Amino acid sequence: MTLVELAQLLQVSPATISRALNRPEMVSARTRERVLKAVRDHSYRPNGIARSLRKGETQTVGLVVSDLQNPFYSGIVKAIEHTLSAHDYSCIVCDASESQGKEQRALKLLGELKVSGIIHGFSGSGSDELERLGLDGIPIVEIDRASGMPGTDTVLLDNVLGARSAVDHLLELGHTRVGMISGPPRLTTGSGRLEGYLRALRQAGIEPSDELIAYGDFREASGRNAARKLLATRSPPTAMFVANNEMAAGALAELQDAGLELPADMSLISFDDVRWARYVTPPLTVVAQPLREMGEAAARLLLERLAGRTDPTRRVFQPELVIRQSTAPPRRVGIPA
């Protein structure tokens, strides 16, 4: 039943019903009782979309994440949703699946839905492409990755520091041939973690070797393929640093298929402290990110924008190296046949 139909049934105006539901002090107690009884009897539900369009405020926030299957983004989304719901905002979550095309379609849809704001996990579209999506006037906070689009707030991790701490740990254990499975350099997480790896090696007096760097797309299958490439080199690495948890899962599968044991045959460090990393055998040494704090920060920055702040703000969080049992000094030379 629509608002108009309910008003005709009660022989009152639609405005009277609206006041009875939202501003009860403006109608008599008898009128309010009649309206509430009719609402219950006929299962009337207010049209939230129409009401939002009239008010020019939807009280919804769009979340575009790069890969919802990745537990990293699940943790981010949970923290954002919890913070926004405390301020009466609902969330619409879109999964870009590391696809620039899906990313652009999701952002265009959110613009058409007139969301109050957007929190965006960048998937690689050009800043010019993003600026053509009709998002003018919608506050945007970018999390985890920065697109370079002007006027946006950003919540990032110090990826260079995280990668350096991981590689420094492997070097301190005595590894000199450290392989890296990198994400796409076009993404700030990919370029930053690669830069940290290169800096750590050069600081230790080791010239990086192109054959010890393999590239993936931050998804599991690419991690397996990259690990296979590193193992096939003439002198394989004794340790690997993997730039995210999904690629680390693929690398682990490839190492198991090759009959290699951690850390006797290979030391392994993954970016991201997802839950499964603690329970595999052996538990993985990881570079942990403060997911809850980053998600809450993104939500708060968006709320500040909605409250009138205009200056772009950048928040950079610090990573933590969590040492477990997947890293140790090199104990065996070469790869078993």
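## Charges, overall build and aromatic pairs

Let's start with charge: the protein chain carries 40 positive and 40 negative charges, and their mean positions sit 6 Å apart. Keep in mind that this is a predicted model.

On to the overall build. The protein chain has 12 helices and 12 strands. Its radius of gyration is 26 Å, whereas a compact globule of 337 residues would come out near 20 Å. The box that holds the C-alpha atoms, taken along the principal axes, is roughly 90 × 40 × 30 Å. Even so, 51% of the 337 residues in the protein chain are buried.

How does the chain connect with itself? Take the contacts between residues at least 6 apart in sequence: 70% of these join residues at least 24 apart.

Now for a closer look at one residue. Leu-107 belongs to helix α6, which runs over residues 100-112.

The aromatic pairs come to two by the rule used here. One of them joins Phe-72 and Tyr-73 in an edge-to-face arrangement, with the centres 4.9 Å apart and 85 degrees between the planes. The other rings to look at are Phe-241 and Phe-271: their planes are at 55 degrees and their centres 6.3 Å apart, so this pair is tilted. The cut-off matters here, because edge-to-face needs planes over 60 degrees apart. This pair links distant parts of the chain, with Phe-241 in strand β8 (residues 239-242) and Phe-271 in strand β9 (residues 267-271), 30 residues apart.

| Residue | Relative accessible area | State |
|---|---|---|
| Phe-72 | 3% | buried |
| Tyr-73 | 3% | buried |
| Phe-241 | 0% | buried |
| Phe-271 | 0% | buried |

The cut-off behind the last column is simple: a residue counts as buried under 20% relative accessible area. Phe-241, at 0%, therefore counts as buried, and Phe-72, at 3%, does too.

Key. Residues are numbered from 1 along each chain as its sequence is written. This is a predicted model: local features need pLDDT of at least 70, side-chain atom pairs count only at pLDDT 80 or more; totals for chains, interfaces and linings use all residues. Side-chain values use heavy atoms; hydrogens and water are left out. Helices (H or I, at least four residues) and strands (E, at least two) are DSSP runs, numbered from the N terminus. The radius of gyration is taken over C-alpha atoms; the globule rule is 2.2 Å times the number of residues to the power 0.38. Buried means under 20% relative accessible area, exposed over 50%, partly exposed in between (1.4 Å probe, protein chains only). Contact means heavy atoms within 4.5 Å. Lys and Arg count as positive and Asp and Glu as negative; His and the chain ends are not counted. The place of a charge is taken as NZ of Lys, CZ of Arg, CG of Asp or CD of Glu. Rings of Phe, Tyr and Trp (its six-membered ring) pair if their centres lie within 6.5 Å; planes under 30 degrees apart count as stacked, over 60 as edge-to-face and the rest as tilted.
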